[in-house]
Amino acid sequence: MRVDVAVSAHIPAAVEDVAAVAGDPARAPEWYANIHAVRWRTTPPARVGSRMDFQAQFLGRRLAYTYEIVELEPGRRMVMRTADGPFPMETTYTWEPSDGGTLMTLRNQGEPRGFSKVAAPMMVRAMRSAMTKDLDCLAVLVAS
């Protein structure tokens, strides 16, 4: 079962401010509840080809995976992809001006393997909930 979850939120801050925080992978632990650490494999800043190791926890499982930035339009869109781990994933961030702030969309899609494949329907619900909370946390972070 392919997993494809997207959530959007209006963030009352300028696109460049939201993109500066969300588009910096090293800042992910500040607003993603499930990401505990990020370590650059390549030299920052973020650009196409940049690679980072993420340590996370999701549904009670510890996860370690490497993301690579495969698309980057600063202030508009960033796409990261991983092929390793139990859940090969592509994560897309988009930022658009909206009502004096930013409409940010966070999308995760991938093809679970092993146990993750069996648990995919439950994962979709948990991912949607976590991603919504993460965008809420990002909004608070950017506003402070």
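This is a predicted model: local features need pLDDT of at least 70, side-chain atom pairs count only at pLDDT 80 or more; totals for chains, interfaces and linings use all residues.
User: Where in the structure is aspartate 53 found?

Analyst: Aspartate 53 belongs to strand 3, which covers residues 51–58. As a general idea, side chains in a regular strand alternate between the two faces of the sheet.

User: With which side chains does the side chain of aspartate 53 make a polar contact?

Analyst: One partner is the side chain of arginine 41, at 2.7 Å. Another is the side chain of threonine 66, at 2.6 Å. Leaving aside neighbours within four places in sequence, the residues in contact with aspartate 53 are Ala37, Val38, Arg39, Arg41, Tyr65 and Thr66.

User: How many bridges join strand 4 to strand 5?

Analyst: Strand 4 (residues 61–73) and strand 5 (residues 77–82) run antiparallel and are joined by 5 bridges. Within strand 5, methionine 78 stands opposite leucine 72.

User: Which residue takes a positive phi in the hairpin of strand 4 and strand 5?

Analyst: That residue is glycine 75, with a phi near 75°. The hairpin has 3 residues between its strands.

User: In which sense do strand 5 and strand 6 pair?

Analyst: Strand 5 pairs with strand 6 (residues 89–98) in the antiparallel sense, over 6 bridges.

Notes
Residues are numbered from 1 along each chain as its sequence is written. Side-chain values use heavy atoms; hydrogens and water are left out. Helices (H or I, at least four residues) and strands (E, at least two) are DSSP runs, numbered from the N terminus. A polar contact is a pair of N or O atoms within 3.5 Å; within protein, one must be able to donate a hydrogen and the other to accept it, and residues adjacent in sequence count only if both atoms are side-chain atoms. Contact means heavy atoms within 4.5 Å. Two strands pair if DSSP finds at least two bridges between them.
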